[in-house]
Amino acid sequence: MNATPCDLLVTADIIVTQDAERRVIEDGTMAIQGGTILDVGSRTDLNGRWQPAQTRELGHRLVMPGLVNAHTHASMTVFRGVADDLPLMTWLTEHIWPVEKALTEEVIHFGALLACAEMIRTGTTCFCDMYLAEAQVARAVDQAGLRAVLGEGIFAFPSPAYAKTDDAWPIIEALHARYKNHERIRTAIMPHAVYTTTPEILRRSWELAQAHGCVWKMHLSESVTETRTSLEQFSRRPLEYLESLGISGERCLFAHGVDLTAEEMARMAETGVNVAHCPQSNMKLANGMARIEELRRAGVNVCLGTDGAASNNDLNMFSEMNSAALLQKVQTMDPTALNAQAVLDMATINGAKALAWPRLGSLETGKAADLVALDLTQPNLLPLYNPVSHLAYAATGMEVCLTMVAGKVLYEDGRYTTLDMQALADEAARIARWVKAKARPA
Ligand SMILES: [Zn+2]
């Protein structure tokens, strides 16, 4: 039998596929052509089948799908650690909003580049982002070589990107037009939340999502306070309010879902909406514990996100998986809740489903060549009994030694191929001085 040519053959001690059977392959091999996976199996199975132009023998490494961060505000890396441990309103009114009002495109672009560097370093290959002047985030993603679903945040009040909401729509249209044929960047419609928009804004945003055939994402049921505000303003809880406007179904991605009733969970499963769980942000802002095990058992597709670096304070999906699994055990007082496989699913295939991007989230024939490799000789990963357990409970993300998106290496053994980390570090110091000067003095 003649071998078929391909660009690259990757071999490693372990491949965690996340395919339908959740296969974990020892002494695994993967054939890649362009940005696509052609074949995955054991070295013996694939022996002689492929004629690669290049071979990468990764040895004592674990190869897995790149992680999908389903909820971020990437540019908020510029606020990382500027103010912590404060009541929400003090934090927002004195430290975040005064600076956000003054944000420039340059700062937003820098923050997004820094976020990309962090995500590449810690194994994330795709993220779903909402912020202001999102075109700057798109520019950063394009440069970094990552994959992303991006949406301009829509508010009922002015943002640094627009003076009035009416001016937001052309910005959203332009972003969509610019990236609609891009291989790695997609756009989505992202009104901020129930309490920062109007019924008219939400209706119009929903129509736009239908017209563009794209994801519609919003913060939903993040706190008890949000529910109370919704009841006061619209006489309905957030989910019911959205449904009264005709907003429902698989296109919907809701960030948080902390304050949900059992009836709402059943309804969410019935309509097929997706929820992005952000445990570290929920803990840090003391918004509460989302009932993720219950939500999953109800049949809702739950994925995982870090939220912005101001309320986390990192964009690391390994620590987020760890937090999600541990928090759910405390929430339910049941150590079997949200096991390692379930939390890895949330960070990979469930995220791909929520973003309506089925080529992502697992390593299988026909899927995108978005993968990361972890160094299995690091002390915290030894010994190795169960690879999936290590990914959820022992890995920190800093064991990532290779990150590849669409078949292209973005990071390998301390070296970025698309970003200048030293220049980013120098620039971070300059931006930090600017942020400090804009924050209202205490
Ligand atoms: Zn958020």
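**Pockets and zinc site of the predicted model**

The largest pocket has a volume of about 1,000 Å³. A pocket is here an open set of points on a 1 Å grid over the protein atoms alone, where a 1.4 Å probe fits, with protein on both sides within 12 Å along at least five of seven lines; lining residues have an atom within 4 Å of a point. The volume is the space filled by probe spheres set on the points, which are joined across faces, edges and corners. The structure is a predicted model, in which local features need pLDDT of at least 70 and side-chain atom pairs count only at pLDDT 80 or more, while totals for chains, interfaces and linings use all residues. Residues are numbered from 1 along each chain as its sequence is written, and side-chain values use heavy atoms, with hydrogens and water left out.

The lining of the largest pocket comprises 36 residues, and Leu 92, Trp 97, His 192, Tyr 195 and Thr 196 lie nearest its centre. Two or more lining residues come from each of H2, strand S7 (124–131) and helix H7 (224–234); helices (H or I, at least four residues) and strands (E, at least two) are DSSP runs numbered from the N terminus. H2 provides the largest share of this lining, 8 residues. By residue class, the lining of the largest pocket holds 18 nonpolar, 13 polar and 5 charged residues.

The second largest pocket has a volume of about 340 Å³. Its lining consists of 20 residues, with Gly 213, Cys 214, Val 215, Leu 355 and Ala 356 nearest the centre. Helix H5 (168–179), strand S9 (185–187) and helix H14 (349–354) each give two or more residues to this lining, and S9 gives the most, with 3 residues.

The zinc ion has as protein donors His 71 (NE2), His 73 (NE2), His 219 (NE2) and Asp 307 (OD), at 2.1 to 2.3 Å. Donors are N, O and S atoms within 2.8 Å of the metal (3.2 Å for Na, K and Ca); water is not among the atoms, so sites may look incomplete. In sequence, the donor residues follow the spacing H-x1-H-x145-H-x87-D. His 73, in the loop between strand S6 (67–72) and helix H2 (88–102), and His 219, in strand S11 (residues 216–220), are 146 residues apart and link distant parts of the chain. His 73 counts as buried at 7% relative accessibility, and His 219 counts as buried at 4%; buried means under 20% relative accessible area (1.4 Å probe, protein chains only).

Terms used
Buried < 20%, exposed > 50% of the residue type's maximum accessible area, 1.4 Å probe, protein only. Nonpolar A, V, L, I, M, F, W, Y, C, P; charged D, E, K, R; others polar.
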